[in-house]
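Q: I would like to learn how to read the features of a model like this one, step by step. Could we take the strands, then the helices, then the backbone?

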Amino acid sequence: DAHAGDGTAEILAEDPRVLKISIHQDPRTLYPRWGEPRQAGHGAGEGYTVNIPLAKGAGSPELERALRCVAFPVIREFRPQILFRTGGTDMHRSDPLSDLAMSNSGFWCLGVNIRNLVSGLAEYPCVEFMGSGYNETVQASSWLSYLDGRLNLGLTTNPFPDSGLEGRKREDRTAALNQTFLELRKALGWKWKCLKELEVEAATESG
């Protein structure tokens with residue numbers, strides 16, 4: 001979702017039984033102005049809130065990298081008994097309130113990534129909560145794309161094709177995510193081994 005889950009995080013801030021991960025637009029540029037890596041819970045729950053902000057213009061490549069390098073490794077290290085996933089279509093490039101650049105193909109890829117995670121944790125159920133965004137014209141197509149990837153529906157054609165490029169130049173988006181990774185390593189490396197070993201990558205591609 002483009003917006004950080006600050007309300008849920010506040011409820012769970014001191015609870016070490018629940019791992020809360022949020023991937024969202026940089027809170028310095030969007031409501032609720034909360035959700036930086038350093039905001040990681042407190043008391044007994046310190047370290048169990050993981051915030052992964054994305055810069056303006058971030059799209060599917062950055063989301064997939066955040067999942068692959070941070071969210072999924074932390075989930076596997078935590079070893080949950082049940083997974084709850086929620087999100088909105090306000091990450092779509094045409095949403096009027098946010099500045100992210102997800103496409104329908106990106107939502108499909110997100111569904112595939114979640115399906116692969118769940119299949120790797122086969123003994124744990126996954127509950128899906130479907131949020132939405134602020135552009136009614138893309139809600140149905142975004143969720144169809146996500147569900148196609150998530151449930152492996154096998155649609156042979158995409159009735160809602162993408163057009164145009166995603167966001168800013170690739171090297172700028174990569175550099176911004178690298179900075180987020182460094183902040184996560186500093187804030188949570190003491191808690192999660194996978195984040196202590198988190199590496200950044202060179203920003204050499206354009207797109």
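**Reading the fold**

A: Strand S1 and strand S2 (residues 49-54) pair in the parallel sense over six bridges, where pairing requires that DSSP finds at least two bridges between the two strands. Helices (H or I, at least four residues) and strands (E, at least two) are DSSP runs, numbered from the N terminus. This is a predicted model, in which local features need pLDDT of at least 70 and side-chain atom pairs count only at pLDDT 80 or more, while totals for chains, interfaces and linings use all residues. Residues are numbered from 1 along each chain as its sequence is written, and side-chain values use heavy atoms, with hydrogens and water left out.

Q: Which residue in S2 stands opposite serine 22, and is S1 enclosed or open?

A: In a regular strand the side chains alternate between the two faces of the sheet. Here serine 22 has asparagine 51 of S2 opposite. S1 (residues 20-25) is largely enclosed by the rest of the structure, because five of its six residues are buried; buried means under 20% relative accessible area, exposed over 50%, and partly exposed in between (1.4 Å probe, protein chains only).

Q: How many helices and strands are there in the protein chain, and what pattern does the chain follow along the sequence?

A: The protein chain has six helices and four strands, and reading along the sequence gives α-β-β-α-β-α-β-α-α-α. Of its 207 residues, 48% count as buried. Contact means heavy atoms within 4.5 Å, and among the contacts in the chain with a separation of 6 or more, 74% are accounted for by residues 24 or more positions apart.

Q: At what angle do helix H2 and helix H5 pack?

A: Axes are lines fitted to C-alpha atoms, for helices over the stretch in contact, and angles run from 0 to 180 degrees between N-to-C directions. Helix H2 (residues 60-78) and helix H5 (residues 170-188) pack at about 25°, with axes 11 Å apart. That makes H2 roughly parallel to H5, given that angles under 35 degrees count as roughly parallel, over 145 as roughly antiparallel, 65 to 115 as roughly perpendicular and the rest as oblique. The residues that meet include Cys69 and Val70 in H2 and Leu177 and Phe181 in H5. The residues of this contact of H2 with H5 divide into seven nonpolar, two polar and four charged, where Ala, Val, Leu, Ile, Met, Phe, Trp, Tyr, Cys and Pro count as nonpolar, Asp, Glu, Lys and Arg as charged, and the others, Gly among them, as polar.

Q: How do the axes of H3 and H4 cross?

A: The axes of helix H3 (residues 104-120) and helix H4 (residues 136-151) come within 7 Å and cross at roughly 30°, and H3 and H4 are therefore roughly parallel to each other. Among the residues that meet are Phe107 and Trp108 in H3 and Tyr146 and Leu151 in H4. The contact of H3 with H4 comprises eight nonpolar, six polar and three charged residues.

Q: Which peptide bond is cis, and where are arginine 79 and asparagine 152 found?

A: Most residues other than glycine have a negative phi, and most peptide bonds are trans. Here a cis peptide bond joins tyrosine 31 and proline 32, with omega about 10°, and proline 32 is found in the loop between S1 and S2. Arginine 79 has a positive phi, near 55°, in the loop between H2 and strand S3 (83-87), and counts as exposed at 62% relative accessibility. Asparagine 152 also has a positive phi, of about 55°, in the loop between H4 and H5, and is exposed, with a relative accessible area of 51%.
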